[in-house]
Amino acid sequence: MSTSHSLWYKDAIFYEVSPRAFKDANGDGMGDFQGLTEKLDYIADLGVNCIWLLPMYPSPLRDDGYDIADYYNIHPQLGNLDDFKTFIAEAKKRNLRVIADLVLNHTSDQHMWFQEARKGPDNPYHDYYVWSDDIQKYSGARIIFTDTERSNWTWDESAKRFYWHRFFSHQPDLNFDNPKVHEEMYKVFRFWMDLGLDGFRADAVPYLYEREGTNCENLPETHDFLKQLRAYMDEHYPEAILLGEANQWPEDVLPYFGDGDGDEFHMSFHFPIMPRLYMGIRQEDRGSLEWIINRTPAIPANCQWAIFLRNHDELTLEMVTEEERAFMVREYAPNPRMMCNVGIRRRLFPLVENDRRQAELLHGLLLSLPGSPVLYYGDEIGMGDNIYLPDRFGVRTPMQWNDNRNAGFSNAKPSQLYVPVIDDPGPYHYQSVNVEAAQENQTSFYNWLVNLIEHRERFKAFGRGDITFLHPANRKIFTYLRRYENEVVLVVANLSRSPQPVELDLSEYQGYQVMEMTSNVPFPVVGAASYQLSMSPYSFFWFYLVKP
């Protein structure tokens, strides 16, 4: 690992944004890089440190841009490379870093490489993809999109062979056994890093290689390639990061951080924490949260988890038991339209039935559990969703800026928008939920969150500290210490809809002054007896403990 790395990502808060959904500057109904650049002050004012961009490359958009048709350009609807360079320069002026989605595993079937590959085995690009005459090959691999795909092989009439795909049939998998594919990926990395990116969120990495007799996931060859890529990045772009997306149990993600010195991904998403946050507040019990965090292995010192409440996909229920899945569906997806694959396609505020206390509690936990938090655009103002839109577009609707037409997102005709803004009568209508209203209201959730983020920044323990659970008799209380160097932070959360008493064993800190972090109000000094608090419904405290 490069010793010059500042580990900036350990203290960072990430903001996930779709350029398509944020702000339309040219009036064509689609957000673009000019619009995103115009709104950089808004993102900086939130207090976040790094923007994560959803796919921005030329694409037929059959999978919202994850079907890349050209790795070296910007989708024309989003602007051009000059717009992108301006955006990066303006972000840097505001001390905002930028990482972008990159799909290593597959391309669109419209990509020039695949169009050439279809011409047959004599074409130099044919071997960029995985072909077979026998669809029984790699039969141990599961089908991921069970609701749309019947096989991982699809017949190509032009090549007269079957090609391999782990996702949609219009997304053929690249052949990582071909060294030329490696060279292409290095070139792609160089191209964007030289334009000023601070790293990549690598999509769908467990599937890069195929081997007979395996499930074709998490293979040793995949790790070998990622280690090479990381070494290349450390040498040429020592401040850049790789964030991995592997929706697996934490012990199965561990190898993606590499060996002892963390020589693969700098960061990986911790998927299984997320559904258990929602389970915790519905079950009013800390058990599943403590269980998953205790199950999480130690990771190399230079690595970090990324944690989130919601993102651009469905709320995935892959990493839960059958019983837990049934519970989550019953509690959070009463309408079958709310489901997608094995997940729930709803935004944060609709999930908690627009209950601000629950939303605050979830953020209080997100911002204080081990890892770097990832916020999803629009959640900071309490945006709703549209379950009647196809696929995952229900949680990818335009950002709501004000109460003007199209929520201030675009001056196109409403019918020209890539998807409609939320204008159903009800609590999420853009005329009541928008940035302007949120910023003007001193007591809004948005202003509350900006304030909380400000306080988080003061303590390195949140991003770098260890975690120790306290085990009060009241299981509705989820409480833990975060410690780093001389900082001691105490988090106490009430997962229940009713007020709760709690007695904590803080005997280790006898004599310490307990300070409430967001108001700087002193609470009683820790004595010999148990430390008693009363908690209002769905509430939390962040305390810091001051040595006498």
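Helices (DSSP H or I runs of at least four residues) and strands (E runs of at least two) are numbered here from the N terminus. Everything below comes from a predicted model, where local features need pLDDT of at least 70, side-chain atom pairs count only at pLDDT 80 or more, and totals for chains, interfaces and linings use all residues. Residues are numbered from 1 along each chain as its sequence is written, and side-chain values use heavy atoms, with hydrogens and water left out.

**View 1. Val329 in helix H11.** Val329 sits in H11, which runs over residues 322-332. Buried or exposed, or something in between? Val329 comes out as partly exposed, because its relative accessible area is 25% (buried is under 20%, exposed is over 50%, and partly exposed is in between, using a 1.4 Å probe and protein chains only). Skip the neighbours within four places in sequence, and Val329 is in contact with Leu317, Pro334 and Met339 (contact means heavy atoms within 4.5 Å). Val342 is 13 residues from Val329 along the chain, with 9.7 Å between their C-alpha atoms.

**View 2. Helix H9 and what covers it.** H9 spans 273-283, and 10 of its 11 residues are buried, so the rest of the structure largely encloses this helix. Among the buried ones are Ile273, Leu277, Tyr278 and Ile281, along with the charged residues Arg276 and Arg282. What covers them? The cover includes H10, E10, E11, H11, H12 (348-351) and H13.

**View 3. Glu284, just past H9.** Glu284 belongs to the loop between H9 and H10, and its phi is positive, at about 55 degrees. Glu284 counts as buried because its relative accessibility is 11%. Not counting residues up to four places away in sequence, Glu284 touches Met279, Arg475, Lys476, Leu495, Ser496 and Arg497.

**View 4. Helix H13 and its start.** At the start of H13, look for Asp355: one of its side-chain oxygens comes within 2.9 Å of the backbone nitrogen of Arg357.

View 5. How many cavities of 30 Å³ or more does the structure hold? There is 1, and the largest cavity has a volume of about 40 Å³. On a 1 Å grid over the protein atoms alone, a cavity is a set of points where a 1.4 Å probe fits but cannot get out, while a pocket is an open set with protein on both sides within 12 Å along at least five of seven lines; lining residues have an atom within 4 Å of a point. Grid points are joined across faces, edges and corners, and the volume is the space filled by probe spheres set on them. The cavity lining includes Leu309, Arg310, His363, Leu366, Tyr376 and Asp379. E14 gives the largest share, 3 residues. By class, the lining splits into 6 nonpolar, 1 polar and 2 charged (Ala, Val, Leu, Ile, Met, Phe, Trp, Tyr, Cys and Pro count as nonpolar, Asp, Glu, Lys and Arg as charged, and the others, Gly among them, as polar).

**View 6. The largest pocket.** Its volume is about 600 Å³. Of its 35 lining residues, Phe145, Phe167, Glu245, Asp313 and Arg392 are the closest to the centre. Strands E7 (199-203) and E11 (315-316) are the elements that give two or more residues to this lining. The class tally reads 16 nonpolar, 8 polar and 11 charged.

**View 7. The second largest pocket.** This pocket has a volume of about 450 Å³. Which of its 22 lining residues are the closest to the centre? They are Ile299, Trp305, Pro370, Gly465 and Asp466. H10 (287-295), E10 (304-308), H16 (461-464) and E15 (466-469) each supply at least two lining residues. Here the classes run 11 nonpolar, 7 polar and 4 charged.

**View 8. Glu235 in helix H7.** Glu235 lies in H7 (residues 220-236) and counts as exposed because its relative accessibility is 62%. Asp391 is 156 residues from Glu235 along the chain, and 40 Å separates their C-alpha atoms.

Terms used. Polar contact = N/O pair within 3.5 Å; in protein donor to acceptor, adjacent residues only side chain to side chain.
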